[in-house]
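Hello,

Here is the structure we talked about. Please open it alongside this email; my notes follow below.

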Amino acid sequence: MKVLEFERIKEKVYIYEHSSGLKAFVIPKKGYNKIFSTFATNYGSINNTFIAPDENNETRVPDGIAHFLEHKLFEQEDGSIMDKFSMLGADSNAYTSFTQTVYLFSCTDRFEDNFRLLLDFVQNPYLTDENVEKEKGIISQEIKMYNDNADWRVFFNLLNALYVNHPVKIDIAGTEESIMEITKETLYKCYNTFYHPSNMIIVTVGDVEPPLVFDMVERGIKAKNNPGRIEKIFPEEPRHHNMKLIEKSLAVAMPQFNMGIKDNSGVTGYDLLKRKVALEIILSMLMGRSSELYNQLYNDGLINQGFGCDVSLEGSFGYTVWGGQSKDPKKQPKKLLLRLKRYVKTDLTKKASSALRKLMKEGL
């Protein structure tokens, strides 16, 4: 067991590495009422082409399979996992992003029972031809629902405008056509490749003793050996954007827009973290709620309180995005861009950074 201590924020992180390669982290919070725990795999919607350990041939699986697999793990032969967590007094959930799949629960009591259940169900998929076919109908309805969601569609339209080839432009759930190609065999292939503990982490936060958690991990993780590296394969992505504009008509109370820039830095590790933090600070200075630009645009009626900005940076892709609602989504973003170009040259000042630091200290 290793301990990392962060004096400035008065926090300690306890780290344990299982013989399989899995890493477990505990952040003790004395006196906290809830305990929160996650079991996550380094596997998301963009990982559709790969070479598994001990294999030489490239595998290509249907879009949306990581999200599909997340759904199926909650269905066991003896019933629903969510029902089991509810009986233990816990709230449970899961989500799939571009780069990871995360299973989680929070509880105020019976932590050991809930944690044992988390370890057990994630390591025991129950897949049959029948339940896979049944799930296709459920996820198909989910895809249709998101296709009618303006926030979701404008975001993925932006990604499609930014990226030419990279799978980040593909909806996390896939398409109605792609999920129909998913089989029990392809699901097991992905599970056996990406759900090995060496590709996973466990994080627990709350009023819990690290040795207790690590002992349960030692006894609860089945695999003992690291099978080796997974080679994740991505198509070559040009530096230029795919297109300048994408428009789509949906029934909305007010039109929405997103604008973005593709990040071609390709940084990883600590350099990635530094770049992400730096970009977030710059965005906050330029167009955060304390900025002169934000307040001018808001007072001129070009944006409303729904306006926001964000940075996403991963090893194989990255982008900066901002947007919101606008009465005239063709004219307003152009005005915003012209002002933004001017502010980039003039507003990255000590005054702007001081205002941002003040807000951060106040917790706003």
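**Charged pairs and cores**

Lysine 276 and glutamate 280 form a salt bridge, with their closest N and O atoms 2.5 Å apart. Keep in mind that this is a predicted model. Both residues sit in helix α9, and because they are 4 residues apart, about one helical turn separates them. Lysine 276 is partly exposed, at 24% relative accessibility. Glutamate 280 is also partly exposed, at 30%.

Now to glutamate 135 itself. It lies in helix α4, which spans residues 129–147. Is glutamate 135 buried or exposed? It is buried, with a relative accessible area of 8%; the cut-off for buried is under 20%. Its side chain makes a polar contact of 2.9 Å with the side chain of histidine 71. Leaving out residues up to four places away in sequence, glutamate 135 touches Phe68, His71, Lys72 and Glu75.

Helix α4 holds another charged pair. Glutamate 133 and lysine 136 form a salt bridge, with the closest N and O atoms 2.8 Å apart. They are 3 residues apart in the helix, about one turn. Glutamate 133 is partly exposed, with a relative accessible area of 47%. Lysine 136 is buried, at 5%.

Back to helix α9. Arginine 275 and aspartate 263 meet through their side chains in a salt bridge of 2.9 Å, N to O. Arginine 275 lies in helix α9 (residues 269–287), while aspartate 263 is in the loop between β13 (256–262) and α9, so the pair ties together parts 12 residues apart in sequence. Arginine 275 is partly exposed at 34% relative accessibility. Aspartate 263 is buried at 11%.

Next, the nonpolar side. Nonpolar side chains tend to be buried together in soluble globular proteins. Which residues touch the most other members of the largest nonpolar core? They are Phe115 and Tyr195, in a core of 52 residues. Helix α3 (residues 111–122) gives the most to this core, with 7 residues. Beyond its neighbours within four places in sequence, phenylalanine 115 contacts Ser37, Phe105, Ile202, Thr204, Val213, Met216 and Val217. Another core, of 16 residues, lies apart from the largest one; Met259, Met287, Tyr294 and Leu302 are among its members.

Best wishes

Terms used: Residues are numbered from 1 along each chain as its sequence is written. This is a predicted model: local features need pLDDT of at least 70, side-chain atom pairs count only at pLDDT 80 or more; totals for chains, interfaces and linings use all residues. Side-chain values use heavy atoms; hydrogens and water are left out. A nonpolar core is a set of buried Ala, Val, Leu, Ile, Met, Phe, Trp, Tyr and Cys residues joined through side-chain atoms within 4.5 Å. Buried means under 20% relative accessible area, exposed over 50%, partly exposed in between (1.4 Å probe, protein chains only). Helices (H or I, at least four residues) and strands (E, at least two) are DSSP runs, numbered from the N terminus. Contact means heavy atoms within 4.5 Å. A polar contact is a pair of N or O atoms within 3.5 Å; within protein, one must be able to donate a hydrogen and the other to accept it, and residues adjacent in sequence count only if both atoms are side-chain atoms. A salt bridge is a side-chain nitrogen of Lys or Arg within 4 Å of a carboxyl oxygen of Asp or Glu.
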